[in-house]
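Student: I'd like a close look at one thing here, the pairing of oppositely charged side chains. Please take me through it in one go.

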Amino acid sequence: MADYRKMWEDLGMDLENHDALCEVLPVAFGDVYLSQENRPEGMAFYDFVISEIHGVRPSELIAHQEQGGKVFGTFCVYVPDEIIFAAGGIATGLCGGSQFWVPGGEKVLPKGTCPLIKASVGARLDRTCPFFRIADIYVGETTCDGKKKAWEILADDVPMHVMDLPQMKREKDHAKWAEEIEAFKEVVEKTTGNTVTVENLNDAIVMINNKRKALARVYDARKNDIIPISGKDALLMTQIAFYDDPVRCAEMANALADELEERVKNGISVFPEGTKRILLTGTPMSVPNWKIHHIVETSGGAVVCEEMCTGTRYFEHLVDENQTTLEGQYKALSDRYMKNNCACFTPNTNRIDDILRLAEEYNVDGVIDVNLKFCTLYDTEGYSVEKTLREKGIPVLGIETDYTDTDAEQLRTRIEAFLELMN
Ligand code: BJ8
């Protein structure tokens, strides 16, 4: 990695602790990723981004700030990046995916909080992640209780705006989310000093739609009998999409999709014939949470799709590009974002329909419903997910886990047994 120490120092980071993180990440990445064979050449870009994860993109964000630009840190796929980019800002995902940050979160949060929230709070308060230091403002949302309370703690340390997400999907809820998007626009305008217009918002809508289409192409390639990319590699692409520049993200994903389509034509699969095809559903997997993919794919299975926010929920559905007024655009944004099916909504039967649809589209042999420990929403919804899948005769395994490796061997035993059952 190039030398970014001066940049980290200027960001007020705890360099000693951060050094410890910098030591473990390349080892974990080498074990999980570089040990794979026959990877698509297009993955070289994503490998590079990971090798410079706390350097290359943070430097770009700082360069943007030096020119007067603002950076918005986000934690949820309901936050409309389009508004931020329309006003000349940059949105960057901030969800923490490493156990390294969890103890820092536990200093201020109950231990029985989900690891994603604990890691996110820990990364900020312990000053060991440049992205958390760079963001000028954080954008939270009223999804789960743990997040709502975490925003209050973070707000003592960093400017915070919380978007009030409805928890049902009636017409009035769509209208309410459109209003909330408009209110967010005011905050974004105040923060950036720039005005959101029909034109710049339309440009941003097209740009983010293009990114969604590119990611979808990579996922489409995974629907084939020939599996041209491992689940781990596809997950890495999606994880990086949360904080990369959206135009470059689309370019890189399109290049990767070209290569995958070519591989399918030429019969090049990364797994032997007969490998069991698995759909993962559940809570998001933020960098560097590669645990379940790694276990599945070193136990004789292949992950071919993720019904997760780090998966299909991130890119499915486009925003209507034909609106000619800001009101029409807020409504179009609201309609698209409300098509996401997070377990914080009730009822959330559309998510179960999505899982059944994806199981068919990706021709899966089984589903693993994997949820982060202490996520009551997804854990509770797991009951209906698993019940419906069983009724449809689709093998399903429910897993609850965290960011530690303490349960890895036990999970491997369960996943191996699950894959065996399908033979
Ligand atoms: S749209 S899944 S990104 S809220 S895992 S923090 S729900 S206790 S991350 Fe999420 Fe938006 Fe929903 Fe997606 Fe809470 Fe559950 Fe933790 Fe979660």
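**Salt bridges up close**

Tutor: Let's begin with Arg-248 and Glu-60, which form a salt bridge whose closest N and O atoms are 2.8 Å apart. Arg-248 belongs to helix α13 (residues 246–265) and Glu-60 to helix α4 (residues 56–66), so the pair ties together parts that are 188 residues apart in sequence. Before going on, note that this is a predicted model, in which local features need pLDDT of at least 70 and side-chain atom pairs count only at pLDDT 80 or more, while totals for chains, interfaces and linings use all residues. Residues are numbered from 1 along each chain as its sequence is written, and side-chain values use heavy atoms, leaving out hydrogens and water.

A salt bridge here means a side-chain nitrogen of Lys or Arg within 4 Å of a carboxyl oxygen of Asp or Glu; that rule gives a count of 38. Helices are DSSP runs of H or I with at least four residues, strands runs of E with at least two, numbered from the N terminus.

With a 1.4 Å probe and protein chains only, buried means under 20% relative accessible area, exposed over 50%, and partly exposed in between. Arg-248, at 24%, is partly exposed, and so is Glu-60, at 29%.

Glu-82 and Arg-212 meet in another salt bridge, 3.0 Å from N to O. This pair also links distant parts of the chain, 130 residues apart: Glu-82 sits in helix α5 (residues 81–86) and Arg-212 in helix α11 (residues 198–221). Both Glu-82 and Arg-212 are buried.
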